[in-house]
Amino acid sequence: MSPLRRLDPFRRKITRRSFLKMAGMATAAATVGPSILRAQGGGSLRILQWSHFVPSYDTWFDQYAQAWGAANDIDVVVDHINLADLTTTVAAEISAGSGHDLIEIVGAEAGQFEPSLLDLTDVNDEATSRFGDQLEISRNYSYNPITDKFYGVCIGWTIDPANYRRSLWEAAGLPEGPSTWADLITYGGKIRDEQGVQLGIGLAQELDSNMAHRALLYSFDSMLQNEEGTIVLDEGDPFEFALEAVKYMQELYAAAMTPEVFAWNAASNNQALIAGRSSYIMNSISAYRSAQQDVPEIANDVFFGPALAGPRGSNWSNAHVIYNYVIPNHAQNIDPAKQFILDLAENYDQAMYNSKLYNSPSWFNSPVSGAGEYPAVSGASSFADLHEAWFNDDPFRLEGEPEGKLRPLLNATEWTTNVGHPGVTSPAVAEVFNTFVIPNMFARAVRGDETPEQSIRTAAGEARAVFEAWRNRGLI
């Protein structure tokens with residue numbers, strides 16, 4: 001593992017004009033902050049990056065990467081890939097022992113590749129020393145306490161709130177939208193029956209179903225594993241609460257949904273909301289941003305809420321997307337890759353803004369980089385200040401839209417967890433996630449393929465086999 005090497009104490013900011021001069025671009029990316037690594041002039045860096053749900057982010061990121069490369073005399077190549085193809089592409093590169101130097105993995109998948117990834121403890125430690133404490137959400141997606149290894153640097157995450165059509169819920173008698181899972185049956189069912197618009201929670205093998213079902217499971221006080229990494233889904237209280245959650249999903253489907261949710265992909269609930277065919281989805285704010293551009297009358301009607309409360313008051317949501325940068329063992333340009341991660345973390349205020357607030361930072365206390373390509377925010381000295389200011393007064397709100405739509409997301413760190421809750425996202429958790437064990441559990445019961453009890457025990461057995469295999473490898 002290449003050690004971190006410090007630059008001289010002189011820390012030079014690179015201005016927007018300097019970027020334009022060095023990168024030769026029509027528009028600037030963002031300011032690149034000081035590096036703690038010595039860039040090896042004439043080197044290269046190949047980055048594999050997912051195709052962001054908010055296209056403006058990809059435009060900014062590509063410009064940023066090229067400007068960063070020009071500033072450091074490094075040839076940077078960025079390849080974008082659809083989310084659905086990311087995991088298989090990473091697996092293929094690892095199997096071949098060649099490919100990109102730096103990869104952004106945007107879910108639980110990173111843990112599954114731990115044996116083939118560099119230990120990035122040095123980068124995480126340096127980031128924390130410079131930017132303050134990292135959010136526990138992010139740490140739990142990138143650190144394995146069994147191996148004492150940071151297999152990634154979780155640089156950011158995405159809030160996963162309720163998205164609901166206010167006019168539909170107002171007509172049903174709940175203008176502020178649902179606050180409990182029970183509301184989805186009572187009012188969501190009324191909306192479907194009286195207004196002909198269903199709920200948008202998938203029952204399929206795709207990202208959003210995976211996230212929604214875990215949120216349901218955790219909010220009903222159940223769990224796949226305990227904090228020690230032992231499968232408890234089919235034991236004691238976790239089993240009883242899981243049974244309650246699965247039976248709830250059967251009721252919810254019968255009351256408020258239609259068969260199309262069994263065949264959804266990760267874009268389906270977004271598309272349904274934008275097309276006016278869904279009253280409620282559990283997702284990030286990306287569908288809203290798309291609606292602002294394409295169907296402003298729908299965007300005007302979309303509002304947000306926090307995680308829904310279960311029968312005993314617990315309310316949990318998962319971080320919708322995780323920005324986990326990893327460096328595979330086969331990487332040829334390790335120092336530039338580490339340097340890029342740290343400089344991007346320092347400039348994550350730019351990422352927040354250019355993703356239209358889709359991205360949130362892992363290091364909330366990081367100081368603002370100083371020369372942002374966004375309107376000045378009075379008194380903002382940290383990312384936390386920007387986060388509060390922007391979510392109180394959305395800079396991308398359309399003319400005529402109500403103010404304060406995003407305020408329910410201000411305390412999202414209080415109701416956001418990781419998919420390994422209450423433990424970490426270990427390699428075993430990652431594999432269970434990637435093989436859709438939990439959404440399959442709910443879908444089997446809803447379709448009637450198995451009873452709720454049988455489906456829970458099937459899922460627990462599948463998960464236990466995965467965990468045992470990873471335990472035998474000494475990784476959990």
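Tyr57 counts as buried, because its relative accessibility is 1% (buried means under 20% relative accessible area, exposed over 50%, and partly exposed in between, with a 1.4 Å probe and protein chains only). The model is predicted: local features need pLDDT of at least 70, side-chain atom pairs count only at pLDDT 80 or more, and totals for chains, interfaces and linings use all residues. Residues are numbered from 1 along each chain as its sequence is written, and side-chain values use heavy atoms, leaving out hydrogens and water.

**Helix α2**
- Tyr57 and Trp60 both belong to helix α2 (residues 55-72), where three residues, about one turn of the helix, separate them; helices (H or I, at least four residues) are DSSP runs numbered from the N terminus.
- Trp60 is buried at a relative accessible area of 3%.
- The planes of Trp60 and Phe61 stand at 65° with ring centres 6.4 Å apart, so this pair is edge-to-face.
- Phe61 is buried, as is Trp60.

**Aromatic pairs**
- The structure contains 22 aromatic pairs (rings of Phe, Tyr and Trp, the last by its six-membered ring, with centres within 6.5 Å; planes under 30 degrees apart are stacked, over 60 edge-to-face, and the rest tilted).
- Tyr57 and Trp60 form a tilted pair, because their ring centres are 5.4 Å apart and their planes lie at 50°.
- One aromatic cluster is formed by Tyr57, Trp60, Phe61, Tyr64, Trp68 and Phe340.

**Charges over Phe303**
- The charged end of Arg166 sits over the Phe303 ring, 5.0 Å from its centre (NZ of Lys or CZ of Arg within 6 Å of the ring centre and within 35 degrees of the ring normal).
- The charged end of Lys405 also sits over the ring of Phe303, 4.8 Å from its centre.

Methods. Helices (H or I, at least four residues) and strands (E, at least two) are DSSP runs, numbered from the N terminus.
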